[in-house]
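Here is a short tour to read alongside the sequence and the 3D view. Please keep both open as you go.

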Amino acid sequence: MSKTCNGKVWAIACRDLKTYFASPIAYIVIAGFLTLMGLMFFSNLSHFFVQQLQYKQFGMGKGVSLTEGIIRPLYGNMNVILLLLVPLITMRLFAEEKKLQTIQLLMTAPITIGQMVMGKFLAALMLVGIMLGLTLVYPLILFIYGNPDLGPIFTSYLGTLLLSGCYVGMGVMFSSMTENQIVAGVLTFAAGLLFWLINWLSQFAGAVIGDVLDYLSIIQHYNNFSQGILDSTDVIFYFSFIGISLFLTHRVLDSYRWR
Amino acid sequence: MIEVSGLTKLYGPRTAIQDLNFTIKEGEIVGFLGPNGAGKSTTMKILTGFMPASFGTAKVAGFDVFDSPIDVKKNVGYLPETPPVYLEMVVADYLDYAARLHDVPKAKRKAAVQSAVERTGLSHVSKRIIGNLSKGYRQRVGLAQALVHDPKVLILDEPTVGLDPVQIIEIRELIKGLAGQHTVILSSHILPEVTATCQRIIVINKGKIVAQDTIERLTSRMNQGLVYHMEVKNPSASGISALKSISGVKAITPEGPKLMIEIDPNQAEIRDRLVEAAVQEKMGVLEFSAEKLSLEDVFLQLTTVDQTVDQTTPQEKNV
């Protein structure tokens, strides 16, 4: 039973992933992403070299490490770019199917809403995974010409993937709420930014509420990952965030049947 | 195969369908006939498990659509009004996807797709992208999608809408060919469509069933003028029984001064004898006419008259 379930989730995920590549979306998003990432990497690298030279010139020791000088800012920037690009990936998932009424195929096939939601979520996450995979070339370059720490690179990727999972989760949810892709995309971006910046308010709120707001900030939980620290609370936070957004998507789609 | 009782669907304050009752036997092809907005699509969507009813129950292939929607969906192939095709996909890939969603095991998938492609006449376009096909072919792809898992029940919502006459005939032939192997429900607001393909029709108007009967019965009753109407001044019981005694008269339904006389279609001309008998009985014949209604008029009548004209013989054996 569970094997056939996985089969259907996988069928939906693969079809949607292929759809990204059957249209210009995937290519444009990937090209834009890599262009910006290349720019960031080059500027980080140049900056790092200049810094290293200055440190040597004035005999101030070794200066900052590769992790601090390149890897942390690089993946920090990557998260900002993903905040902008993931909504463009997720906005079509359900909205397009609702608009074109192809959702009727899914709704009248013997699949559960959960399988549908999982399939869509995985499709978008796989595309993000492909994008992240392509950026492996930057650490590769660092490994060829230097000796960076493997740990922070690994945790940065893991953290970025989990953070992207949150964006994708919200994207799937907003896409299920509307037929309009633009609406879904804008809401996803706004919500992503909101959860990113929510801890700005924490210092003005009371102690308890401030802690809650700090905890809710999705970028706050990324800090540990960027430093090479794998903390289970952060992992649990991201999984809960994804779980809740997918659960809400389930509720939205279920209510759609009742209208 | 399909049992519907007391089915009601409300969209907010608006009643889409109200208290529908009908049964459909295995292998039957049944047409839902009704004007736009009569509730045909709503009924079909409930039967596919796409959305639940407000009240009443519906059973498809022995499963309740509300309690076990997944089992229902396994046994139903559904072609919605707009075929749910992904325009960027290749026909064969799309059908393979539909087969996967409908539990067709991997080993049988290729054969299932092949057979659906052949049955719907898509063989020469199976490698093409759906978005590049004409509307008629997209409709066929939608039909192939409904057929690919070889379901017991096929629910087709306006399957020929928007097609050209040649395509319409092809799709009709295709649907007729499904009789026996599949139970088919199709909806239409076009009469000839239903008469051409279905064995039985269910006429729906404003969310209610106004008539359900076999095509043969409706046409023989209505189309060949086998009902006479006689208006008399003083309808007497003895007069009516005198008319009834004439051989060939099947039934007489008096409605005040108007008598509806049903005639055995195989009988010779008996109109003069009817009038003669009425005159002899001193009923005072005012008017005598033969009903020459095509099904089109019946349909119009059935769907414009507000009161329910139920001539239910749903269990009747098909001729």
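How many bridges join strand S1 of chain B to strand S2 of chain B? Seven bridges do, between residues 2-11 and residues 14-24, and the two strands run antiparallel. This is a predicted model, in which local features need pLDDT of at least 70 and side-chain atom pairs count only at pLDDT 80 or more, while totals for chains, interfaces and linings use all residues. Residues are numbered from 1 along each chain as its sequence is written, and chains are lettered from A and ligands numbered from 1 in the order in which they are written.

- Helices (H or I, at least four residues) and strands (E, at least two) are DSSP runs, numbered from the N terminus.
- S1(B) and S2(B) belong to an open sheet of four strands, ordered S2-S1-S4-S5 with antiparallel pairing; two strands pair if DSSP finds at least two bridges between them.
- S2 and S5 of chain B are the edge strands, each pairing on one side only.

- Asp19(B), which sits in strand S2 of chain B, has a phi near 50°, a positive value in a residue other than glycine.
- Asp19(B) is partly exposed, with 14 other C-beta atoms within 10 Å; a residue is buried with 20 or more other C-beta atoms within 10 Å of its own, exposed with 12 or fewer, and partly exposed in between, with C-beta atoms placed from the backbone.
- Ala61(B) also has a positive phi near 50° without being glycine, and its place is the loop between strand S4 (55-60) and strand S5 (63-64) of chain B.
- For Ala61(B) the count is 16 other C-beta atoms within 10 Å, so this residue is partly exposed.

**Helix H6 of chain B**

- H6(B) has 13 residues (165-177) and reaches 18 Å from its first C-alpha to its last, close to the 18 Å expected at 1.5 Å a residue; that expected span is 1.5 Å times one less than the number of residues.
- Which residues of H6(B) are buried? They are Ile168(B), Ile171(B) and Ile175(B).

**Where the chains meet**

- 19 residues of chain A are in contact with 23 residues of chain B, contact being C-beta atoms, placed from the backbone, within 7 Å.
- On the side of chain A that touches chain B, helix H1 (2-22), helix H5 (103-107) and helix H12 (232-258) of chain A each supply at least two residues.
- H1(A) gives the largest share of that side, seven residues.

**Confidence**

- The model scores ipTM 0.86 and pTM 0.81.
- Chain B averages a pLDDT of 81, with 87% of the residues scoring at least 70; pLDDT is the predictor's confidence in each residue, from 0 to 100.
- Within chain B, confidence is lowest in helix H11 (residues 295-304), at a mean of 58, and highest in helix H3 (residues 91-101), at 94.

Conventions. Contact = placed C-beta atoms within 7 Å.
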